[in-house]
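Me: Can you walk me through this protein model? I'd like to go one question at a time.

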Amino acid sequence: MSDLTRLTIAEARAKLRAREITSAELTEACLAAVDAADALNAVSAKTPEKAREMAAAADKRLAAEGEGAPSLCGIPLGIKDLFCTEGVASQAASNILEGFRPPYESTVTSRLWERGAVMVGKLNMDEFAMGSSNETSCYGPAVNPWRAKGSNRDLTPGGSSGGSASAVAAELCLGATGTDTGGSIRQPAAFTGIVGVKPTYGRCSRWGIVAFASSLDQAGPMAKTVRDAAIMLEGMAGFDPKDSTSAELAVPDFEAALTGDIRGKTIGIPKEYRMEGMPAEIEALWDRGAEMLRDAGAKTVEISLPHTKYALPAYYVIAPAEASSNLARYDGVRFGHRAKLGAGDAIVDLYEKSRAEGFGAEVQRRVMIGAYVLSAGYYDAYYLRAQKVRTLIKRDFEQAFKTVDAILTPATPSSAFGIGEMADADPVAMYLNDVFTVTVNLAGLPGAAVPTGVDASGLPLGLQIIGKPWGEAEMLDVAYALERSAGFTARPDRWW
């Protein structure tokens, strides 16, 4: 593999601007890495022609603008299959959207292309972003490039942005887009030893991103370092009149905010996150992370987020309810796969067969749960009550942020588990992977997963920094300080 793929976005930017390398060279190195990594199943659609065309345009721009070229100019990125990309397969890893090639571009990817970024391919994910292990994908599971010591067992890269996490960790691209509805950027980032950032709800436009749960979904960057994530986030964020939930706020220079100086900051440690059955390694890592932040000059205090225990059940009422509403359009008539009808079949048979053939088991499960909690007899008992709990969770954070600048928690309850390990288990066991992340989505807050250590099997573990609303810059600075203190440099051994 070429050393060029080992570059961070910041390092590649410096070399591109100095004309030490060209975007064409960097892109070819990434395309070669993609071709050599089919065993990871991280890439759902390769786009070499498009990549070469974009790299050539970026090189012209770099020659003309030099130091004035945008930070992402010439940088090869991977795009999660949930983002609509003009003329390129965009099917949310679902058979119901097979063959869909959008005639338009999502706002987030449009912003990246305006800044000269290069697309090397679309990346695997859980179907409609519903999953924590990338096993619900119509393309088959993406595979984590990490393996436990002495084992050749395939591990999950997490989900739903599993392909994005795997591609960045295996150095197939310098960064990737992800989306986070309940932890789908932060959990896979932690499982693969990379940085993942879920911005404040409304910071990045949702227009052109296939919807899962509209009040929770948020796009964000997945990259090798906090600095790279900051560079990407600035390129992705901004107001969009096409998205009614997009915030009309100026986008800060997130990279410039990375001082690493957190002296005088107060970091909250929520006591409710010390859950029964938490692995000792996760607890030890959390304690070590708090110590690192104290050594960097911050103060840590115990805080209470009393409604945390209700977050997971509230999330798994609200998210399926919104999913059942959003996915109702895929009926074989308006949008999506259309089943073949037999003689005597009625329109209802078309709906039933199309959706049964097009949607996988997990999507069907969540659509049915969502339809149930929205039904006339159960709306008040489930959906309305979950929304009230959501308000209480948001209020908990508002109270906490009156006394703290950021919050430190574990990112996941374990390191990466084996593919198929939870396939036959109760679905709730899989849902528990989101236990530390869903509160952030319910409250609309920014969160970042930072690789901080490895477990006894040599697999990466991450910690989560939660920031104030619209406080990504301050949150990323705390994440930067944690990253510097942790000094995480481990990389997976190349077996693929």
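Me: Which residues touch the most other members of the largest nonpolar core?

Reply: Quick background: this is a predicted model, where local features need pLDDT of at least 70 and side-chain atom pairs count only at pLDDT 80 or more, while totals for chains, interfaces and linings use all residues. Residues are numbered from 1 along each chain as its sequence is written, and side-chain values use heavy atoms, with hydrogens and water left out. A nonpolar core is a set of buried Ala, Val, Leu, Ile, Met, Phe, Trp, Tyr and Cys residues joined through side-chain atoms within 4.5 Å. The largest one has 155 residues, and those touching the most other members are Leu 112, Phe 128, Leu 172, Phe 397, Leu 408 and Leu 476.

Me: And which helix gives the most to this core?

Reply: Helices (H or I, at least four residues) and strands (E, at least two) are DSSP runs, numbered from the N terminus. With ten residues in this core, the top giver is helix H9 (residues 311–326).

Me: Where is Ala 37, and is Ala 37 buried or exposed?

Reply: Ala 37 sits in the loop between helix H2 (23–35) and strand E1 (43–46). Buried means under 20% relative accessible area, exposed over 50%, and partly exposed in between (1.4 Å probe, protein chains only). Since its relative accessible area is 4%, Ala 37 is buried.

Me: Which residues does Ala 37 touch, not counting residues up to four places away in sequence?

Reply: Contact means heavy atoms within 4.5 Å. Ala 37 and Pro 145 are 108 residues apart in sequence, with 9.5 Å between their C-alpha atoms. The residues that Ala 37 touches are Leu 172 and Trp 496.

Me: How many disulfides are there?

Reply: A disulfide needs a pair of cysteine sulfur atoms within 2.5 Å. For Cys 173, the closest cysteine sulfur is in Cys 30, 6.8 Å away, so that is too far for a bond. Cys 204 is in no disulfide either, as the nearest cysteine sulfur, that of Cys 84, is 16 Å away. By this rule, the count is zero.

Me: How many salt bridges does the structure hold?

Reply: Here a salt bridge is a side-chain nitrogen of Lys or Arg within 4 Å of a carboxyl oxygen of Asp or Glu. One network of them links Asp 3, Arg 6, Glu 171, Lys 224 and Arg 491. The total is 29.

Me: How many residues apart in sequence are the parts that Glu 474 and Lys 265 tie together?

Reply: Their side chains meet in a salt bridge (2.9 Å, N to O). Glu 474 is in helix H15 (residues 472–486) and Lys 265 is in the loop between helix H7 (226–236) and E7, so the pair ties together parts whose separation in sequence is 209 residues.

Me: What about Lys 394 and Glu 398: how far apart are they along helix H12?

Reply: These two also form a salt bridge (3.2 Å, N to O). Because they are four residues apart in helix H12 (residues 379–400), their separation is about one helical turn.

Me: Which residues form the nonpolar patch on the surface?

Reply: Patches are made of residues with over 30% relative accessible area and no salt bridge, where like charges are joined within 9 Å and nonpolar side chains (Val, Leu, Ile, Met, Phe, Trp, Tyr) within 5 Å. Areas come from the Shrake-Rupley method with a 1.4 Å probe; for residues, only the protein chains shown count as cover. With about 330 Å² of accessible area together, the members are Val 333, Ile 347, Val 348 and Tyr 351.
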